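Good morning. Please have the sequence and the model open while I talk.

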Amino acid sequence: MEDDVEMAAGENGAGELDDMKKRLKEMEDEAVALREMQAKVEKEMGSVQDPAAAAAANQANKEEVDSRSVFVGNVDYSCTPEEVQQLFQACGTVNRVTIRTNKFGQPKGYAYVEFVEPEAVQEALLLNESELHGRQLKVSAKRTNVPGMKPYRARRPNPYMGFRGRTPFMPAPYFFPPFGYGKIPRARAPMRYSPYF
């Protein structure tokens, strides 16, 4: 009878092992299917881009837009973007006019004009020193800013504020006072001929 119990336990253990293998195989198949679906979704969404490639593409896009743009300096503060657009309309199709403002919304006195075609930039440069609202405009090709290439400008000392260098605070060395001020008293020999004794 004991042999029957051991044999039944052996057959039952083999059945459980087969069930576990079957479940493991099903889970592995599901994992493979999930990986394939995730790869397909990422491919469709285009989210596989790495940040360096995205930054390079963004920089290339900026350079392309800047090659179609001009900088317009000495723009009157009362000028509107429509007036600037009318002036440059003869050069080519104007895509956008941007008049820069400060944090209070007041114009800074310069603008950027973006054209649809890059050939219009050369035509716009001919309008250098033309007048708008009685002010002589300065027109030049827009340059592309390179991140991290800001030149270091040394600050000039202000004679009214005192000079503050860029060095960290360092306390002055200990100063020894001259001739007897703050000296440690020494024992002296008594005076022999004192008028008070």
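This is a predicted model: local features need pLDDT of at least 70, side-chain atom pairs count only at pLDDT 80 or more; totals for chains, interfaces and linings use all residues.

Residues are numbered from 1 along each chain as its sequence is written, and side-chain values use heavy atoms, with hydrogens and water left out.

Strand 2, residues 94-101, pairs with strand 3, residues 107-115, in the antiparallel sense over 6 bridges. Helices (H or I, at least four residues) and strands (E, at least two) are DSSP runs, numbered from the N terminus; two strands pair if DSSP finds at least two bridges between them. The two strands form a hairpin with 5 residues between them. In that turn, Gly105 has a positive phi of about 90 degrees.

Now Thr98, which lies in strand 2. Leaving aside neighbours within four places in sequence, Thr98 is in contact (heavy atoms within 4.5 Å) with Tyr110, Ala111 and Tyr112. Is Thr98 buried, exposed or partly exposed? Thr98 is partly exposed, because its relative accessibility is 30%; buried means under 20% relative accessible area, exposed over 50%, and partly exposed in between, with a 1.4 Å probe and protein chains only.

Last, the loops. Asn74 sits between strand 1 (69-73) and helix 3 (81-88), and its phi is near 60 degrees, a positive value in a residue other than glycine. His133, in the loop between strand 4 (131-132) and strand 5 (135-136), has a positive phi of about 60 degrees. His133 counts as partly exposed, at 41% relative accessibility.
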